[in-house]
Amino acid sequence: MRSIWNGAISFGLVSIPIKLVNATESHSISFRQIHTEDGGRIRYRKFCELEDREVTQGEIGKGYEDADGTIIPITEEDLSSLPLPTAKTIEIVAFVPADRIDPLQMDAAYYLQAGGAPAAKPYTLLREALKRSNKVAIAKFALRGRERLGMLRVVGEAIAMHGLLWPDEVRAPEGLAPDSHVTVRDQELDLADALMDTLGEVDLEDLHDEYREAVEEVIAAKAAGEAPPQAPEPATGGKVLDLMAALESSVRAARESRGEEAEHAEVKSLPQRKTARAAPKQTGGKKSTSTAKKTAAKKTTAAKKSTAKSGQGQGQGQDQGQGATKKAASKSTAKKTTAKKSASRKRTA
């Protein structure tokens, strides 16, 4: 990798020669400006306002515009001879825990490469000291015409440096939070926690730039004279009014995407609003209910009549039986009386 800056790390009285190398690279697709009518390239030409002619890159330098419009030329020699100890040195000023650094301050990232064999021993010493202390080094350095703040940390077996914004370059988030007082219920927090647990962690190596891939597909299709792929229709969902329902749906969808059963992701239906229009009368339902009632009443009446008849039949049978018994008893008594009279007559004769 090509170095973009050569200097040294100042670690107390220890000086470590290093080379600064970009730690990141951009894979973004670059476009050219063209004339839409004929596809011709649009180019910017640099003209001198005083001579009204185009100038080459070698003729272009730097200048500072004063408040009254006066241009003050600044050469590279002027910048290289600045009275700063950080002009060619990364000066370590402190060691702090990594969580003391606000991620909002993070800027470009660089690798620090040891500058030759003499730098191997002090480079390794600084790297191992950072490892054992579990801290990061805060440093000041000058790059591209300005002094910057940096954070040194260990990445693998190398030392990396993150450019940091100065604290006064980070804006305060004033007026961005909701003004009104919002209360979050425990149930909503529980569902948010469940959603976070369901989504879980991700291996950053698995993430990729889908936008760049889609642009490459469009370019390849148009280069081949084919129609570019069409974007899928966005899902048209109703406006979610219930935060609980939205969270539960999110938990369920996340679990289904991972092949898990959504045991606790039950979506509660929203309460329906009352409207001025009355609900349509269910004629069929009332008829069926009335018919059922009439049928039940008929069955009850028939049962009562049947019971009454059976009771009357039993009563008549009992009366008939009792009458026959009485008749038989009276006949028997009459016979006994006749027999007694006959016997009495015989004795008298």
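**Salt bridges, a pocket and a nonpolar patch**

The structure holds 11 salt bridges. The model is a predicted one.

Glu128 takes part in two of the contacts described here. Its side chain meets that of Arg127 in a salt bridge, at 3.1 Å from N to O. Glu128 also forms a salt bridge with Lys131, with the closest N and O atoms 3.7 Å apart. Glu128 and Lys131 lie 3 residues apart in helix α2 (residues 120-133), so about one helical turn separates them. Arg127 has a relative accessibility of 12% and counts as buried, because the cut-off for buried is under 20%. Glu128 is partly exposed, at 35% relative accessible area. Lys131 is partly exposed as well, at 32%.

A further salt bridge pairs Glu169 with Arg146, the closest N and O atoms being 3.1 Å apart. This pair links distant parts of the chain, 23 residues apart. Glu169 sits in the loop between β11 (158-164) and α3 (186-199), whereas Arg146 belongs to strand β10 (residues 146-155). Glu169 is partly exposed, with a relative accessible area of 37%. Arg146 is partly exposed at 35%. Elsewhere, salt bridges with shared partners join Arg127, Glu128, Lys131 and Glu157 into one network.

The second largest pocket contains about 180 Å³ of space. Its lining consists of Phe47, Cys48, Glu49, Val55, Glu59, Ile60 and Gly61. By class, 4 of these residues are nonpolar, 1 is polar and 2 are charged.

Ile72 lies in strand β6 (residues 71-74). Ile72 is partly exposed, with 37% relative accessible area.

Note on methods. Residues numbered from 1 in each chain as written. Predicted model: local features only at pLDDT ≥ 70, side-chain atom pairs only at ≥ 80, totals over all residues. Heavy atoms only, no water. 1 Å grid on protein atoms, 1.4 Å probe; cavity = no way out; pocket = protein on both sides within 12 Å on 5 of 7 lines; lining within 4 Å. Points joined across faces, edges and corners; volume = space filled by probe spheres on them. Nonpolar A, V, L, I, M, F, W, Y, C, P; charged D, E, K, R; others polar. Helix = DSSP H or I, 4+ residues; strand = E, 2+ residues; numbered from the N terminus. Buried < 20%, exposed > 50% of the residue type's maximum accessible area, 1.4 Å probe, protein only. Salt bridge = Lys/Arg side-chain N within 4 Å of Asp/Glu carboxyl O.
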